[in-house]
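Let us walk through this structure one region at a time. Keep the sequence and the 3D view side by side.

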Amino acid sequence: MKTLALALALLAVASPSAAQEAPRPRHRLTPEDAARLLANPAAQNLIAQKIASLASIVLDIKVGPLAALADPRDDVRPEDTLYSIERRHDPDLDRHLYERSHRAVATAGAVAGGAVTEEAELRRTAARLRAALAPLVDAAEAPKSRQQRPGY
């Protein structure tokens, strides 16, 4: 785990130099579209595969030389990557990356669906509150409007 923290620190330092402007999306998803997409099991599977693939790319960074300097007591070989180190601790790393990614995507889908539903409910509640408060607002503003008109 120390190695993972070291790699994240290295990525944070290197990220400004590797940063590129992201291409603009061709179609902007509405919150409703995103919630539906993230709730779709086939989409969850594809997204989880992509996330696991991206994680594998990050884990493929060679950290052996620096990790050995950071903590020489660890059994880190010069040719080690984060992936090789983590696989020694978790032989089923690939499966676990996918499963964790899939759970995260499914959770995001549930949260997005709940947020879309709640947004609509909050809009309805706000409209009802505006309607209920309108007479009070009108009554509160009536004395002000009489003071501003000449002749009163």
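Start in helix H6, residues 93-148. Arg 123 and Glu 119 sit four residues apart there, so about one helical turn separates them. The two form a salt bridge, with the closest N and O atoms 2.7 Å apart. A salt bridge here is a side-chain nitrogen of Lys or Arg within 4 Å of a carboxyl oxygen of Asp or Glu. Arg 123 counts as exposed, at 56% relative accessibility. Glu 119 counts as partly exposed, at 30%. The cut-offs are these: buried is under 20% relative accessible area, exposed is over 50%, and partly exposed lies in between (1.4 Å probe, protein chains only).

A word on the source. This is a predicted model, in which local features need pLDDT of at least 70 and side-chain atom pairs count only at pLDDT 80 or more, while totals for chains, interfaces and linings use all residues. Residues are numbered from 1 along each chain as its sequence is written, and side-chain values use heavy atoms, with hydrogens and water left out.

Now step back to the whole chain. The protein has six helices and zero strands. Read along the sequence, the pattern is α-α-α-α-α-α. Helices (H or I, at least four residues) and strands (E, at least two) are DSSP runs, numbered from the N terminus. Of the 152 residues, 18% count as buried. The accessible surface comes to about 11500 Å², and 62% of that belongs to carbon and sulfur atoms. These areas come from the Shrake-Rupley method with a 1.4 Å probe; for residues, only the protein chains shown count as cover.

Next, look at helices H2 and H3. H2 covers residues 31-39 and H3 covers residues 41-59. They pack at an angle of about 80°, with axes 5 Å apart. That makes H2 roughly perpendicular to H3, a label for angles of 65 to 115 degrees. Axes are lines fitted to C-alpha atoms, for helices over the stretch in contact, and angles run from 0 to 180 degrees between N-to-C directions. Which residues of H2 meet H3? They are Leu 37, Leu 38 and Ala 39, and they meet Pro 41, Ala 43, Gln 44 and Ile 47. Contact means heavy atoms within 4.5 Å.

The side chains of Arg 36 and Asp 33 meet at 2.7 Å, N to O. The two are three residues apart in helix H2, so about one helical turn separates them. Arg 36 is exposed, at 55% relative accessible area. Asp 33 is partly exposed, at 24%.

Move on to the loop between helix H4 (64-70) and helix H5 (82-89), where Thr 81 is found. Is Thr 81 buried or exposed? Thr 81 is buried, with a relative accessible area of 12%. Beyond its neighbours within four places in sequence, Thr 81 contacts Leu 59, Asp 60, Ile 61, Lys 62 and Val 63.

Pro 78 lies in the loop between H4 and H5 too. Pro 78 is exposed, at 57%. Not counting residues up to four places away in sequence, Pro 78 touches Gly 64 and Pro 65. Pro 78 and Pro 65 are 13 residues apart along the chain, and their C-alpha atoms are separated by 4.9 Å.

Finish with the charges. Arg 77 and Glu 79 meet in a salt bridge at 3.6 Å, N to O. Arg 77, Glu 79, Asp 80 and Arg 88 are linked in a network of salt bridges. The whole structure has nine salt bridges.

Key
Parallel < 35°, antiparallel > 145°, perpendicular 65-115°, else oblique.
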